[in-house]
Amino acid sequence: MVSWTAVVPLKAAAARKTRLASVLAPEARVVLTDRMARHVIAVLRQVRSIERVLLLSPVPLSACDAEWIEDRGAGLNAELARVYAGLDGALLIVHADLPLLATPDISALLAAAENSGRAIASDRHGRGTNAIALFDRQPIVFAFGPGSFLNHAAQGTATRVRRSGLSLDVDFPDDLAVALATQEFLQAH
Ligand SMILES: Nc1nc2c(ncn2[C@@H]2O[C@H](COP(=O)(O)OP(=O)(O)OP(=O)(O)O)[C@@H](O)[C@H]2O)c(=O)[nH]1
Ligand SMILES: O=C(O)[C@H](O)COP(=O)(O)O
């Protein structure tokens with residue numbers, strides 16, 4: 001069986017979810033993002049082909065089953081490039097803000113990457129990149145930021161995987177409303 005390493009990037013607490021500032025106080029944004037990150041890590045831990053789960057963040061997160069890798073402040077893309085260069089084998093990157101993520105979502109993404117070399121999941125608007133699975137070890141220039149999906153998809157051949165657990169990230173108040181309306185969110189958070 002292929003052995004994957006998963007990386008979950010998580011920003012410094014004070015910098016998270018500024019786009020939710022109109023509906024959530026700073027402390028609530030930290031609570032929500034900590035919980036979503038723990039949820040994503042727990043899901044990744046349940047996938048048998050994922051050997052290591054790494055949390056890339058400026059400080060460790062308590063009560064989660066991930067190895068901590070320090071974010072040295074170079075920016076998300078440079079930090080991920082450094083992590084990727086230091087690892088052998090297949091790499092999965094999953095954003096920490098996917099409250100509906102479930103094990104079959106990750107299994108589907110990894111299966112697609114193992115078939116075609118790479119797999120990628122966008123947000124529900126088709127703009128951002130919520131997860132990318134790199135099986136082929138071909139070079140990639142990480143381009144997380146606005147419009148990253150098209151940029152990542154244009155590099156090499158990647159299979160697009162569309163599943164609600166992968167596509168619902170919580171960036172704006174309407175994303176939070178969609179998440180809150182689901183049974184899965186209420187059970188997990
Ligand atoms: N370690 C690390 N993680 C990051 C960095 N930038 C973004 N992330 C994480 O990458 C994922 C997607 O980031 P964003 O959606 O841009 O983060 P955000 O918290 O929504 O930011 P806002 O634009 O303030 O609302 C989240 O899991 C972030 O915590 C970074 O520089 N370092
Ligand atoms: O490439 C991305 O998706 C960025 O990390 C941010 O996207 P977002 O604004 O959709 O979270």
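Visitor: Which residues come nearest to ligand 1?

Guide: Quick background: this is a predicted model, with local features needing pLDDT of at least 70, side-chain atom pairs counting only at pLDDT 80 or more, and totals for chains, interfaces and linings using all residues. Residues are numbered from 1 along each chain as its sequence is written, chains are lettered from A and ligands numbered from 1 in the order in which they are written, and side-chain values use heavy atoms, leaving out hydrogens and water. A residue is near a molecule if one of its heavy atoms lies within 4 Å of it. Of the 15 residues around ligand 1, the nearest are Lys11, Lys17, Thr18, Leu56 and Asp71.

Visitor: How far is a polar side-chain atom of Asp71 from a nitrogen atom of ligand 1?

Guide: Polar contacts here are pairs of N or O atoms within 3.5 Å. Arg19 has a polar side-chain atom 3.0 Å from an oxygen atom of ligand 1. For Asp71 and the ligand 1 nitrogen, the distance is 2.6 Å.

Visitor: Which residues surround ligand 2?

Guide: By class, that shell splits into 1 nonpolar, 5 polar and 4 charged residues. Here Ala, Val, Leu, Ile, Met, Phe, Trp, Tyr, Cys and Pro count as nonpolar, Asp, Glu, Lys and Arg as charged, and the others, Gly among them, as polar. The names are Arg19, His95, Asp123, Gly128, Thr129, Phe144, Gly145, Ser148, Asp169 and Asp171.

Visitor: How far is an oxygen atom of ligand 2 from a polar backbone atom of Gly145?

Guide: Asp123 reaches an oxygen atom of ligand 2 with a polar side-chain atom at 3.4 Å. For the polar backbone atom of Gly145, the distance is 2.9 Å.

Terms used: Polar contact = N/O pair within 3.5 Å; in protein donor to acceptor, adjacent residues only side chain to side chain.
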